[in-house]
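Here are my notes on this one, as numbered points. Have a look at the model first, then read on.

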Amino acid sequence: MSFIEFKNICKKYAGNDKNSVTDFNLDIEEKEFIAFVGPSGCGKSTTLRMIAGFEEITSGDLFIDGKRVNEVAPADRGISMVFQNYALYPHMTVEKNISYGLKNMKVPAHEIKKKVDWAIDILGLQEFRYRKPKNLSGGQRQRVALGRAIVKNQKVFLMDEPLSNLDAKLRVSMRTEISKLHREMGATTIYVTHDQVEAMTMADRIVIMKEGVIQQVGKPMELYDHPVNKFVAGFIGSPQMNFFDVTLKGNEVTFEDGNKLMLPEAILKKLNGKEGEMTLGIRGEDLKMDAQNLELYKENKMKAVITDTEVMGNENNLYFQFGGCQAVARVSKYEICQVGDEIEFVFMPSKIHFFDKETEMNYL
């Protein structure tokens, strides 16, 4: 039995016609770091709150460490939670905020001091020990919230968008701190975020949700390279995957603007005779402009005019009209183009995806 098991979990709020979470099935192993991602309103925070016991489960069963916990009180589930808004007591110092939960648990004073000293040290809060939250930065407050959670030494950590209130630089450093804490604590961590970069860089596995339904579960690069449908393909990755409406007949792909692409036999075998209207997807880094690939795939060479550029430092994003829509190529910092330049590029055949127009499922 897995450490945490969701069996056909559903959540429906009174007065709503539709479920907020539908038929949620998932097994989480002990010490795993799992990220729930998806757009706002997809049910990821609701699912987290059901694990914590803050939301009642409408139907289905939730097991933690082999025990069914549907009716177990939040305090008895062996869970620590870190919230988006920190939820610190404004009148208490850093030290007292971290120790508050332990005092409620009737932990002996000498044990509380030992645990609080450890948390303050590991989170680099020594010089802020006697400050109150109003005198701390956002990153420092978030570390205090983490400290309050880790001193309880629970087997499960739940984190509900804990970094969303921080600036970009702090988010990066806090991602590293949370990942390090997870490894040192050895706890099972479930992390809710709408930021796919956070999920990709931190999680062992990612659960992608849409409208209360799991779309795909997998390791970060599995989801990136092998999305099961168009939603997952578009949600994971920045810039978003390029999508083109195309018609496939034989080995010839025709784009809306009349451009044509010839497919190799290997892709045709995977398509297993499928033809007609479909959606072609390809990531920006798989549109190649270098001389070697232009020569290798010269029979499928395309042309376009740059309409916009994004200089990212280590890479450039080049935008252009192609196939009846705006496309983007992600190229190295050495491939410099200006607005108005004509470029030649090729599609990397092995990186092309085809999605059903109706179901949006990935044929490959």
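1. C337 comes out as buried, since its relative accessibility is 14% (buried is under 20% relative accessible area, exposed over 50%, partly exposed in between, with a 1.4 Å probe and protein chains only). C325, at 21%, counts as partly exposed. The two sulfurs sit 19 Å apart, too far for a bond, and the structure holds zero disulfides (a disulfide being a pair of cysteine sulfur atoms within 2.5 Å).

2. Some housekeeping: this is a predicted model, with local features needing pLDDT of at least 70 and side-chain atom pairs pLDDT 80 or more, while totals for chains, interfaces and linings use all residues. Numbering runs from 1 along each chain as its sequence is written, and side-chain values use heavy atoms, leaving out hydrogens and water.

3. What does the side chain of R283 have within reach of a polar atom? The backbone oxygen of I236, at 2.9 Å. R283 is buried and has no salt bridge, with the nearest side chain of opposite charge, E285, 5.0 Å away (a salt bridge needs a Lys or Arg side-chain nitrogen within 4 Å of an Asp or Glu carboxyl oxygen).

4. On to the rings: there are 16 aromatic pairs (Phe, Tyr and Trp rings, the six-membered one for Trp, with centres within 6.5 Å; planes under 30 degrees apart are stacked, over 60 edge-to-face, the rest tilted). F6 and F24 pair edge-to-face, 4.9 Å centre to centre with 65° between the planes. F6 is buried at 3%, and F24 is buried at 0%.

5. F345 and F347 make a tilted pair, at 6.1 Å and 45°, and both are buried.

Technical notes
Lys and Arg count as positive and Asp and Glu as negative; His and the chain ends are not counted. A polar contact is a pair of N or O atoms within 3.5 Å; within protein, one must be able to donate a hydrogen and the other to accept it, and residues adjacent in sequence count only if both atoms are side-chain atoms.
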